[in-house]
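Work through the exercises below with the sequence and the model side by side, and try each task before you read its solution.

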Amino acid sequence: MIRPATAKEVREVIIPMLVELQPQTIYRGRSQVDEDYAFKALVHFVQYHGRLKDGGKCLFVYEHDGEIVGFIAGLLSRVYNIGDKLVASDMFLHCIESAPVMAWVKLINAYMQWADSSPDVIDITLSHTEAMPGSIRLEPAFERMGFREFGKTYVKQVDKIQLKEAA
């Protein structure tokens with residue numbers, strides 16, 4: 001079942017999922033989940049869930065057999081932060097390993113339906129990065145849902161030790 005998340009679930013379920021997921025990312029050993037900050041940030045998704053104007057947010061959970069096994073968070077913002085129309089962007093999409101395969105699809109569908117219900121949204125984006133190894137496996141599903149590749153993101157890891165030595 002797909003439904004909006006509650007603030008209690010952010011604290012008790014979603015943040016622990018993120019904490020458990022973090023060591024699997026490329027940020028393992030370089031950054032930790034700040035649980036207090038994560039709560040403050042994600043509770044805004046609960047508070048603004050369903051709003052369809054600039055700054056609107058969604059935070060859906062997928063519940064299976066009484067357990068939350070996945071979630072998606074999205075937000076609406078002006079095109080390039082200056083346009084008169086909106087773009088929907090996903091911020092988080094995660095399901096635990098034991099989640100039904102369709103959980104991913106149903107979460108994405110809920111996000112798309114929410115975004116599409118705003119008369120001002122002209123694009124809906126889905127993303128993944130190599131921060132989460134293996135996330136590339138989502139691309140075929142994204143494409144089957146009508147999404148296409150839209151640019152690339154580049155990253156340069158900053159070596160703080162090297163910067164201090166150069167100064």
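**Exercise 1. Describe how strand E4 is paired with its neighbours.**

Begin with E3 and E4, which pair in the antiparallel sense over 9 bridges, where two strands count as paired if DSSP finds at least two bridges between them. Helices (H or I, at least four residues) and strands (E, at least two) are DSSP runs that are numbered from the N terminus. Within this pairing, find Gly74, which stands opposite Asp90 in E4.

Next, turn to strand E5 (residues 121–125), which runs parallel to E4 and is joined to it by 4 bridges. Here Ala88 stands opposite Ile124 in E5, and the bridge partner of Leu86 in E5 is Val121.

Then follow the chain from E4 through helix H3 (residues 102–116) to E5, a β-α-β crossover that is right-handed; this means that, with the strands pointing away from the viewer, the path from the first strand over the helix to the second runs clockwise.

Before going on, note that this is a predicted model, in which local features need pLDDT of at least 70 and side-chain atom pairs count only at pLDDT 80 or more, while totals for chains, interfaces and linings use all residues. Residues are numbered from 1 along each chain as its sequence is written, and side-chain values use heavy atoms, with hydrogens and water left out.

**Exercise 2. How many of the 10 residues of E4 are buried?**

Apply the cut-offs: buried means under 20% relative accessible area, exposed over 50%, and partly exposed in between (1.4 Å probe, protein chains only). By this rule 8 of the 10 residues of E4 are buried, so the strand is mostly covered.
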